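Subject: Structure handover

Hello,

Here is the structure I said I would pass on. My notes on it follow below the entry.

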Amino acid sequence: TRYSASEIFYREAKKVGMQVAVHDPHVKYWREFSIQIDNSLPAADAFDLVVFCVPHVFYRSLNLLEWLKDASPWVYDCDNVLTYEQLNELRSRGLTVQSTGRG
C-alpha cells in the first residue's frame with residue numbers, strides 16, 4: 001500500500017459511509033486497516049463504482065469487458081492504472097469513466 005492512493009481513498013470512502021471491497025493481486029492482509037484481502041477478483045455486478053488505485057500489471061492486462069459482463073458501474077482510474085484502450089472500450093460500452101493523472 002505504500003505510495004498508493006488506496007489508503008487515502010479507503011479512509012475517505014469509509015468516513016462518508018461507503019461500503020468498500022478491496023482487491024489486490026499481491027496483498028493478502030492490509031495492516032493499516034487490519035483487514036484480510038481476497039486475491040480473487042470479485043464479481044463486478046456487486047459494485048456501483050470501481051476505483052483502480054494501483055497500476056499493477058494485473059489490472060492493465062485485465063479484459064474489463066469480460067469481467068464486467070452485464071454490470072455497469074462507474075469506473076474511476078485514479079493513477080493511470082488502465083490503458084487508453086481499456087478506457088476507450090469502457091466508454092464505447094456506454095459506461096461512465098473518469099480518471100486523474102492524464103493530460
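There are 5 aromatic pairs in the structure, where rings of Phe, Tyr and Trp (its six-membered ring) pair if their centres lie within 6.5 Å, planes under 30 degrees apart counting as stacked, over 60 as edge-to-face and the rest as tilted. One of them is the tilted pair of Tyr10 and Trp30, at 5.1 Å centre to centre and 55° between the planes. Tyr10 is in helix α1 (residues 6-15) and Trp30 in strand β1 (residues 29-30), so this pair ties together parts that are 20 residues apart in sequence. Helices (H or I, at least four residues) and strands (E, at least two) are DSSP runs, numbered from the N terminus. Both Tyr10 and Trp30 are buried, which stands for under 20% relative accessible area, with exposed meaning over 50% and partly exposed in between (1.4 Å probe, protein chains only). Another pair is Phe52 with Tyr59: the ring centres are 5.5 Å apart and the planes at 70°, so it is edge-to-face. Phe52 has a relative accessible area of 6% and Tyr59 one of 7%, and each is buried. Tyr10 and Trp30 also belong to one aromatic cluster with Phe33.

Before the rest, two notes on the source. This is a predicted model, in which local features need pLDDT of at least 70 and side-chain atom pairs count only at pLDDT 80 or more, while totals for chains, interfaces and linings use all residues. Residues are numbered from 1 along each chain as its sequence is written, and side-chain values use heavy atoms, with hydrogens and water left out.

Next, the strands. Trp74 in β4 is the bridge partner of Leu49.

Leu49 and Trp74 also form a nonpolar surface patch with Val16 and Met18, with about 410 Å² of accessible area together. Val16 sits in the loop between α1 and β1 and is exposed at 63% relative accessibility.

Lastly, Glu66 is in helix α3 (residues 64-68) and is exposed, with a relative accessible area of 57%. Its C-alpha atom is separated by 21 Å from that of Cys78, 12 residues apart along the chain.

Regards

Methods:
Patch = residues over 30% accessible without salt bridge, like charges linked within 9 Å, V, L, I, M, F, W, Y side chains within 5 Å. Areas by Shrake-Rupley, 256 points an atom, 1.4 Å probe, with all protein chains shown as cover. Salt bridge = Lys/Arg side-chain N within 4 Å of Asp/Glu carboxyl O. Pairing = 2+ DSSP bridges.
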